[in-house]
Amino acid sequence: MDSTQLLKGVLDLAVLAVVDDEDGYGYDVVRRLRAGGLDEVGDASVYGTLRRLYAAGALTSYVVASESGPHRKYYGITPTGRDQLKTQRDDWAHFSTTVTNLLQGARP
Amino acid sequence: MNTAPVVRPEVEQFVAAVRERFADLDPDEREDLLDGLEADMSDLADERGPEALGDPDAYAAELRAAAGLPPAGRGRRPVAERVEGWLDGARRRWDAVALGLPGDPWGLARSLRPVWWVLRAWVALQVVDLLFGSGARNFGLSPVPSLLGWGLPLLVVAVLVSVQMGRGKWWPGRGDRGAAARVLLLAMNVAAIAAVPVTVTEVLTPAKVAAWGMDEWTHPVSDVDPGVIAYDGRQVCTLRVVDEQGRRVEGLRVLDATSGELLPLNNPSC
């Protein structure tokens, strides 16, 4: 099964979890997702997700100037985002347990 | 020290290409998507090399989809898109060659751009002067184009316009330029480059008098013919009217203010 399709469904959750752990700018979030094992995550998908979560009020953003390069846009989680993270985390736990059980039951 | 942030040219160009593909979005939405992208792409290019930037088309589409925005509209004409695709491709190939050269000559060339902005303004006015001004009257060109006396103020205006275009402030150089503006800009720059040698040669060529040869010659006054002009004890056979730089001025006559008669410029009896 193509894991990029699976990833699409949970990218919001993964991004929220990473930002909840510590504020980060776009590429830093990509790096942390990859370090966490999501090797196939696309940069643009992550940036787009960050922007969408920001527009929905789940994230806040602030700009940090850099001496050597262009400014960085950092994202942090908002209370709304934390609620969303909690709900989605529970949903995911429930969903993955269900699917795991199904797969175990289907074993010959 | 307060220096402008340094962004790799590939990153700058990539972000500009992505920006182009968001032309249909409203400005706030677009800036929100693009804000911070230069820093992220710089990190990416630093870590995985400029090749990792990839295709701006695919990148922009992925970013839009993930941000929950509709795919790019069909607002732009296919011809313009094809031209832009061709220009982008040419630019990428050029950059691939230029950035691969040792010693960063392209970086040096880029930092000399203001010099070119001034030079092209000067060349443009010289070409106008050559075709319609002094050049058309065979006076030759001067370092500051004469343009009927308006040369200096016009040069100031031309330099201002050229620099503003170069800085991306004025059309057709503006940052959000479309295909037509890019083609026009390219054509004007190529024309200016092509005009540099002829302009410089014309300006450096001294007065036309030298080219035509100093054809005034004199006779001793002892055999003065009463029908010719005499000056300083010698007779003058041919008169030439020249300007301060010694360039020949055509179409003028010399009037003898004493008699009120025109003097002959060539005296066949000499």
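D57(B) counts as partly exposed at 43% relative accessibility, a class that lies between buried (under 20% relative accessible area) and exposed (over 50%), computed with a 1.4 Å probe and the protein chains only. R21(B), with a relative accessible area of 17%, is buried. Salt bridges that share partners join R21(B), D57(B), E84(B), D88(B) and R182(B) into one network; a salt bridge is a side-chain nitrogen of Lys or Arg within 4 Å of a carboxyl oxygen of Asp or Glu. The side chains of D57(B) and R21(B) meet in such a bridge, at 2.6 Å from N to O. This pair links distant parts of the chain, 36 residues apart: D57(B) belongs to helix α4 of chain B, and R21(B) to the loop between α1 and α2 of chain B.

The structure described here is a predicted model, in which local features need pLDDT of at least 70 and side-chain atom pairs count only at pLDDT 80 or more, while totals for chains, interfaces and linings use all residues. Residues are numbered from 1 along each chain as its sequence is written, chains are lettered from A and ligands numbered from 1 in the order in which they are written, and side-chain values use heavy atoms, with hydrogens and water left out.

## The two chains

Chain A has 4 helices and 3 strands, arranged from the N terminus as α-β-α-α-β-β-α. Helices (H or I, at least four residues) and strands (E, at least two) are DSSP runs, numbered from the N terminus. Of the 108 residues in chain A, 36% are buried. Chain A exposes about 6200 Å², and carbon and sulfur atoms supply 55% of this area; accessible areas come from the Shrake-Rupley method with a 1.4 Å probe, and for residues only the protein chains shown count as cover.

Chain B comprises 10 helices and 5 strands, and 31% of its 270 residues count as buried. It exposes about 16500 Å², with 63% supplied by carbon and sulfur atoms. Among the contacts in chain B with a separation of 6 or more, 56% join residues 24 or more positions apart, where contact means heavy atoms within 4.5 Å. The corresponding share in chain A is 50%.

## The interface

At the interface, 24 residues of chain B are in contact with 22 residues of chain A. The buried area is about 1900 Å², of which carbon and sulfur atoms give 48%; this is the accessible area (1.4 Å probe) that two parts lose on being put together, summed over both.

There are 4 salt bridges between the chains, and the side chains of D43(B) and R72(A) meet in a salt bridge at 2.9 Å, N to O. The interface also holds 15 residue pairs in polar contact, with both residues at pLDDT 80 or more. A polar contact is a pair of N or O atoms within 3.5 Å; within protein, one must be able to donate a hydrogen and the other to accept it, and residues adjacent in sequence count only if both atoms are side-chain atoms. On the side of chain B that touches chain A, α2, α3 and α4 of chain B each supply at least two residues. The most comes from α3(B), with 10 residues.

## Helix α2 of chain B

Helix α2 of chain B spans residues 27-34, and its buried residues are R30(B), L33(B) and L34(B). Seen down the axis of α2(B), these residues fall within an arc of 90°, so they line one face of the helix; the arc is that of the directions from the helix axis to the C-beta atoms. They pack against α3 (43-55) of chain A, together with α1 (9-20), α3 (37-48) and α4 (56-66) of chain B.

At the start of α2(B), a side-chain oxygen of D26(B) comes to within 3.1 Å of the backbone nitrogen of D28(B). Just after the helix, G36(B) takes a positive phi of about 85°.

## Helix α1 of chain B

F14(B) lies in helix α1 of chain B and is buried at 5% relative accessibility. Beyond its neighbours within four places in sequence, F14(B) is in contact with M41(B), L53(B), G54(B), D55(B), P56(B) and Y59(B).

E12(B) forms a salt bridge with R110(B), the closest N and O atoms being 3.6 Å apart. This pair links distant parts of the chain, 98 residues apart, with R110(B) in helix α6 (residues 105-111) of chain B and E12(B) in helix α1 of chain B.
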